[in-house]
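Have the coordinates open alongside the text.

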Amino acid sequence: MDISEVALRAQVAWLRHLADGGFDRISAGDGFAVATGLASNSENGAVGSARELPELVDWLRERAVPASVIVTGPPDPATTTWLIDQRLHPERTGNNMGRRLDEAPSPPSAEWPISEVTDVRALRENQSVYAEDGWWPEPAGLDRRVEVAARLGFGPGRPIRHWTAHHEGVPVGAATSFQFGDTVLLAACCVAAPWRRRGIGTALTQRRLAGSAVQAVVFPTQDGYHLHHSLGFELAPAHPDRCFYLP
């Protein structure tokens, strides 16, 4: 398993899913760009070749959103130089983690009730865990996130699935997965600050690994590294100069 190549494919698949979700988008040859309007470079982006990227990058700039720009094909020095000249930041120091799911993961601890989100009311409760942890500084961030997540669709049998962990009926953790083909991307996970280091993040991750995928990838935070390493994930450096960030 080439972990970082799978992770790059996950980014492309995620952006394509956004582009198919009815958000503002543009095509250029075989490339495309999408803008949800959220202040996040994981929810806006472009995928394209050296020939297609100038039009796609200009389009994203007009929308004034942070974005990820993924170059198709092997790194090309001329394209890299052009993107840096356009004030995009190359990914050269990041890491990915991944593992095969040849063996069924351990079931999540029964100590923390975890429910899958199947309606908009439960979706709002799920997304509020991130909002209360300060993930989204923009005004009306929670309302807009719920709107975008609802438009993308979610639930059993869908590419995107959300889970919420509770304690005595109060949401204390939330997590999201995105499956494409035989791969699951562990897209987001948050545990409310007073409830960390109690196994909630592990339980949420085990639940996300229990589907039909045969391999999993994640873009780990420092805390996330230790959690995923304990679950058999291996670390791999990101392929340099394949992904760039538009601030």
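## Helix 2 and helix 3

Helix 2 (residues 53-62) and helix 3 (residues 77-85) cross at roughly 20°, and their axes come within 12 Å. Axes are lines fitted to C-alpha atoms, for helices over the stretch in contact; angles run from 0 to 180 degrees between N-to-C directions. Helices are DSSP runs (H or I, at least four residues), as are strands (E, at least two), numbered from the N terminus. Helix 2 is therefore roughly parallel to helix 3 (under 35 degrees; over 145 is roughly antiparallel, 65 to 115 roughly perpendicular, the rest oblique).

L53, P54 and V57 of helix 2 meet T79, W82 and L83 of helix 3. Contact means heavy atoms within 4.5 Å. By class, this contact has 5 nonpolar, 1 polar and no charged residues. Ala, Val, Leu, Ile, Met, Phe, Trp, Tyr, Cys and Pro count as nonpolar, Asp, Glu, Lys and Arg as charged, and the others, Gly among them, as polar.

## Model basis

The model is predicted: local features need pLDDT of at least 70, side-chain atom pairs count only at pLDDT 80 or more, and totals for chains, interfaces and linings use all residues. Residues are numbered from 1 along each chain as its sequence is written, and side-chain values use heavy atoms, with hydrogens and water left out.

## Helix 4 and helix 5

Helix 4 (residues 120-132) packs on helix 5 (residues 141-152) at about 130°, with axes 9 Å apart. The two helices are therefore oblique to each other.

Helix 4 contributes V120, L123, R124, Q127, S128 and A131 to the contact; helix 5 contributes L142, D143, R145, V146, A149 and A150. The classes are 7 nonpolar, 2 polar and 3 charged.

## Second largest pocket

The second largest pocket holds about 160 Å³ of space. A pocket is an open set of points on a 1 Å grid over the protein atoms alone, where a 1.4 Å probe fits, with protein on both sides within 12 Å along at least five of seven lines; lining residues have an atom within 4 Å of a point. Volume is the space filled by probe spheres set on the points.

Of its 16 lining residues, R161, Q179, R208, G211 and S212 are closest to the centre. Strand 8 (160-167), strand 9 (170-180) and helix 6 (200-208) each give two or more residues to the lining. The lining divides into 7 nonpolar, 5 polar and 4 charged residues.
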